Amino acid sequence: VHPRRVFSGVQPTGNLHLGNYLGAVKRFVEMQDEAAELGGETLYCMVDLHALTINPDPAELRKSTRELAAAFIACGLDPEKSILFNQSQVQAHAELAWIFNCVARVGWMNRMTQFKEKAGKNREAASVGLYAYPVLMAADILAYRATHVPVGEDQKQHLELTRDIATKFNLDYGQPGFFPMTEPLIEGVATRVMSLRDGSKKMSKSDASDMSRINLTDDADAIAQKIRKARTDPEPLPETLDGLAERPEAKNLVGIMAALSNRTTAEVIGEWAGKPFSEFKPALADLAVESLAPINARMRELNADPGHIDQVLAKGADKADAIAAPIIDEVYDVVGL
Ligand code: ADP
Ligand code: NA
């Protein structure tokens with residue numbers, strides 16, 4: 001039986017948005033605090049190797065990686081409680097990814113829906129890195145024998161692939177239980193925050209319209225304006241949860257309020273039943289500003305001292321390496337390297 005260990009990563013590809021915060025980073029902080037009671041480490045990684053799949057400008061990538069670390073800390077991750085580090089500073093990720101490239105099957109990879117979305121129409125022109133991205137993700141997780149991975153709903157299929165790779169590795173090399181069957185933790189009321197402009201699309205960094213997402217760097221005016229202009233249908237808020245079923249935009253805004261105020265959607269509906277969005281939206285904007293303003297301010301302070309961030313990340317990489325390197329030694333031994 002593997003000890004409880006939580007791992008997750010976020011790509012340093014520009015500003016974090018409210019979907020990343022509510023679906024991932026806010027959960028990371030909760031799990032960090034739970035670990036104080038349950039035991040086990042929490043590791044959170046700036047996955048800069050993954051960011052290469054979109055060919056960022058080198059200087060931009062370096063800057064985004066530091067800014068992501070600052071955002072993590074500003075959101076409540078504590079380098080004394082969690083291991084915060086850059087993927088590229090720990091060799092295990094790239095090493096294990098190659099071994100897993102030789103375990104994963106092309107047929108499995110061809111079923112990955114995120115690749116199809118990201119590659120778009122011209123799939124032949126996509127990089128091999130973009131295609132193999134979920135294998136690197138499996139390596140990120142299993143290099144630490146992580147047992148739990150908090151992520152948004154969009155990552156569910158990649159976690160299934162991680163388990164398939166672990167299962168095949170354990171079986172092929174006759175090592176039952178060598179890698180754990182990692183559990184995705186897709187929990188809470190905001191596992192899939194939707195675009196503010198289109199209730200059928202998830203909120204995403206890659207959406208061309210900045211009005212579609214709230215960035216953690218947005219100021220109070222920008223947040224209020226984006227929520228005021230968010231698409232809704234003309235009906236007031238429903239009397240019961242069932243009334244949200246066919247109303248994706250309304251459901252999204254209710255979910256955002258619930259997540260920001262640590263309530264269930266039923267509690268939010270209980271408070272707002274029958275009231276118009278013209279009243280709900282300003283309340284949601286106030287709540288969002290109140291929640292994000294301290295994060296925003298802390299991010300600014302941290303970004304003013306990149307040397308400090310680099311120190312935090314270097315320490316984190318040492319701690320991460322101390323866990324992963326012996327596991328990679330075992331893997332090399334098992335596969336005959
Ligand atoms: P993006 O999808 O914006 O490029 P990442 O792929 O780096 O961001 O995802 C970072 C984390 O944020 C992942 O755990 C992912 O599941 C989560 N996430 C991304 N978008 C959303 C969203 N709209 N709602 C909830 N969680 C999300
Ligand atoms: Na994603």
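Begin by selecting the shell around ligand 1, whose residues divide into 6 nonpolar, 8 polar and 4 charged. In this classification Ala, Val, Leu, Ile, Met, Phe, Trp, Tyr, Cys and Pro are nonpolar, Asp, Glu, Lys and Arg are charged, and the others, Gly among them, are polar. The model is a predicted one, in which local features need pLDDT of at least 70 and side-chain atom pairs count only at pLDDT 80 or more, while totals for chains, interfaces and linings use all residues. Residues are numbered from 1 along each chain as its sequence is written, and chains are lettered from A and ligands numbered from 1 in the order in which they are written.

Colour the chain by pLDDT, the predictor's confidence in each residue, from 0 to 100. The chain average is 96, and 100% of the residues score at least 70. For the complex, the predictor gives an ipTM of 0.94 and a pTM of 0.95.

Return to ligand 1. It is surrounded by 18 residues, of which Q11, G19, G23, A24 and G152 are the closest; a residue is near the ligand if its C-beta atom, placed from the backbone, lies within 6 Å of it. Which element supplies the largest share of this shell? Helix α1 (residues 18–38) does, with 4 residues. Helices (H or I, at least four residues) and strands (E, at least two) are DSSP runs, numbered from the N terminus.

Next, colour domain 1 (5–192 + 305–335) and domain 2 (210–301) separately; these bounds come from an automatic or database domain assignment. The two centres, taken over C-alpha atoms, are separated by 29 Å. Across the boundary, 14 residues of domain 1 are in contact with 14 residues of domain 2, contact being C-beta atoms, placed from the backbone, within 7 Å. On the side of domain 1 that touches domain 2, α1 gives the most, with 4 residues. The residues of that side divide into 10 nonpolar, 4 polar and no charged.

Finally, select R4, in the segment before β1 (5–10). Residues up to four places away in sequence aside, R4 touches L38, G39, G40, T147 and H148.

Note on methods
Contact = placed C-beta atoms within 7 Å.
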